[in-house]
Amino acid sequence: MDEDDTPRGDNRQDEGTDSADDPDVRSNGAAADVSAEDIDIQASIGPDGVVPDDDADEQSSSAHRTQSGDVDGGTPTDSQTPSGDVDKHKDPEVGLDKVVLSDDEGAKGLFDDLLAGEPIFENKEVLRPSYTPHELPHRTDQINQMATILVSALRGETPSNILIYGKTGTGKTASAKFVSQELESTSQKYDVPCEVEYINCEVTDTQYRVLAQLANKFIEKNFERIDAELDRLDEMRTRATEDPNALEDTPYDSIAEIDERAEELSTDADEMETVPMTGWPTDRVYTTFFDAVDYKERVVVIMLDEIDKLVEKSGDDTLYNLSRMNSELENSRISIMGISNDLKFTDFLDPRVKSSLGEEEIVFPPYDANQLRDILQHRADVAFKDGALTDDVIPLCAAFAAQEHGDARRALDLLRTAGELAERGQADTVEEAHVRQAQDKIELDRVVEVVRTLPTQSKIVLFAIILLEKNGVRNINTGEVFNIYKRLCEEIDADVLTQRRVTDLISELDMLGIVNAVVVSKGRYGRTKEISLSVPIDETEAVLLTDSRLGDIESAQPFVQARFDN
């Protein structure tokens, strides 16, 4: 740091001088009387919280005067030249290295301390849900079943459509991607035109978006194919120009035919137009996709992950159109592989779509604790350095995840988060305590995400329950929630639902694990629900107040009737 860049805090007269006795300070107009409020505690005790002794005061004062030339505009000291530069001959004990505040290349920066510890991870990506392993323990039967259905694609035939069911984290997507990768690699090995396209319907959740994404993928592949063939034709034309016999083993008899074919390909490329993500009629998007996929001979497997989200958002039109395409396609064939967490979503499909879509069904059962332990051990061997895990880490992660319906994704998240917490704490190994901390962190993150994505009416009901609990109300009943709910709706000018509908919303919050709603009997007074929060109250309230509508009621505390439990 240059002398002109000295931090302003270094110019305080408190550092090493007594302002009451300093004539320079008084001569510059500073007040002689200093009250307790005028004392800079930080400058007085130093950055380390240690009150400097007399020697340290003198050294600090001397260094400060040497650096800045004087104190608050006073005259230069004896050890300085009139210009303020240090005269080393007059003060041999003060060297330039003690005076000039320069950037030290060896000084530790913000991230140096964090990088000082030894890393625990070898390859953290192995523990992420997006990673597709080379081996999937305890899913051999399902993988083999998929392979026996899709092998017909390698023979140029149309495979049966497949529906894959199973709860979250049972290996559905990972297994399907694994089989798809094997299918594409085998098709290249035997030079068979077979392609797999993956679409996540939780993100691409309308017919327009699905068709547009598929159309653009195949248009891009067609462009690549046209460019490659044009390069081959150009090379062939060059050889034919030099040697008239070069076309003997080719489909072309003359250079004119080569030029004609090149012109056709260029025209095809010019006519292909990528689909914008909005703005076209759906019929035009469908036609563009149809033409793109049928441009050349190939068997296409379209993998629709979270297919129930697509049906829920836009009905079964997409599945109906895709399932009918094979009767109209001339060059290519299409097979659909749907992946769903909901075993009943086909109940709402058109009977014709249901019969064609569900030709083959594969169910993925949940993992048990021992299977989860094998999966975690398989990933941990690659993800962590040797000896980074204590013996009880993987069994504990597997036990926690087994309680969540055998969710392998939850188990992997738990193991990865435990490793991250250990690494942040610069621990040498991941221990049981890190797993328990990770469990609490993941649970809180889940609650935050669930609360953040609730509909507005559910948020208002939840906020009413929070207000009641914050005001000391216990054994909250539905009527009390409804009274506060009505007042909150008035505050933000929202529609007021009926009490019966509010009761349904409370049941939904109970199902999500945000509240506990227990039906209790009041004898001849009937039955009611006693409601209590099952999530951290402060964090939940903070998430609710991030909603633009609910943020207005932060200062509007509705009246809550005080109750005392006997």
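Biologist: Which helix lies across β7 and β8, and at what angle to β7 does it run?

Modeller: Helix α20 lies across both strands and runs at about 120° to β7. Angles run from 0 to 180 degrees between N-to-C directions, the axes being lines fitted to C-alpha atoms, for helices over the stretch in contact; contact means heavy atoms within 4.5 Å. The names come from DSSP runs (helices: H or I, at least four residues; strands: E, at least two), numbered from the N terminus. The model is a predicted one, in which local features need pLDDT of at least 70 and side-chain atom pairs count only at pLDDT 80 or more, while totals for chains, interfaces and linings use all residues. Residues are numbered from 1 along each chain as its sequence is written, and side-chain values use heavy atoms, with hydrogens and water left out.

Biologist: What makes β6 and β7 edge strands?

Modeller: β6 and β7 (515-521) each pair on one side only. They belong to an open sheet of 3 strands in the order β6-β8-β7, with antiparallel pairing. Two strands count as paired if DSSP finds at least two bridges between them; β6 and β8 are joined by 2 bridges, therefore they meet that criterion. Asn477 has Glu530 of β8 as its bridge partner.

Biologist: What else does Asn477 do, at the N-terminal end of α19?

Modeller: Asn477 caps that end, with a side-chain oxygen 3.1 Å from the backbone nitrogen of Gly479. A polar contact is a pair of N or O atoms within 3.5 Å; within protein, one must be able to donate a hydrogen and the other to accept it, and residues adjacent in sequence count only if both atoms are side-chain atoms. The 3.1 Å distance therefore falls within the limit.

Biologist: How do you know that the length of α19 agrees with expectation?

Modeller: The expected span is 1.5 Å times one less than the number of residues. For the 15 residues of α19 (478-492) this gives 21 Å, and the end C-alpha atoms are 21 Å apart, so the two values agree. Asp493, which follows the helix, has a positive phi, near 60°.

Biologist: Against which elements do the buried residues of α19 pack?

Modeller: They pack against α18 (456-470), β6 (476-477), α20 (499-511) and β8 (527-533). Among these buried residues are Val481, Phe482, Ile484, Leu488 and Ile492.

Biologist: Why is strand β3 described as largely enclosed?

Modeller: Buried means under 20% relative accessible area, exposed over 50%, and partly exposed in between (1.4 Å probe, protein chains only). Of the 8 residues of β3 (298-305), 8 are buried, so the rest of the structure largely encloses the strand. In a regular strand the side chains alternate between the two faces of the sheet. Arg298, Val300, Ile302 and Leu304 are buried on one side of β3, and Val299, Val301, Met303 and Asp305 on the other.

Biologist: Which strands pair with β3, and in what sense?

Modeller: β2 (194-200) pairs with β3 in the parallel sense over 7 bridges, and β4 (332-340) also pairs in the parallel sense, over 8 bridges. Glu197 stands opposite Ile302, and Val301 has Ser335 of β4 as its bridge partner.

Biologist: What makes Asp308 and Lys309 a salt bridge?

Modeller: A salt bridge needs a side-chain nitrogen of Lys or Arg within 4 Å of a carboxyl oxygen of Asp or Glu. The closest N and O atoms of Lys309 and Asp308 are 3.7 Å apart, therefore the pair qualifies. Asp308 is buried at 9% relative accessible area, whereas Lys309 is partly exposed at 27%.
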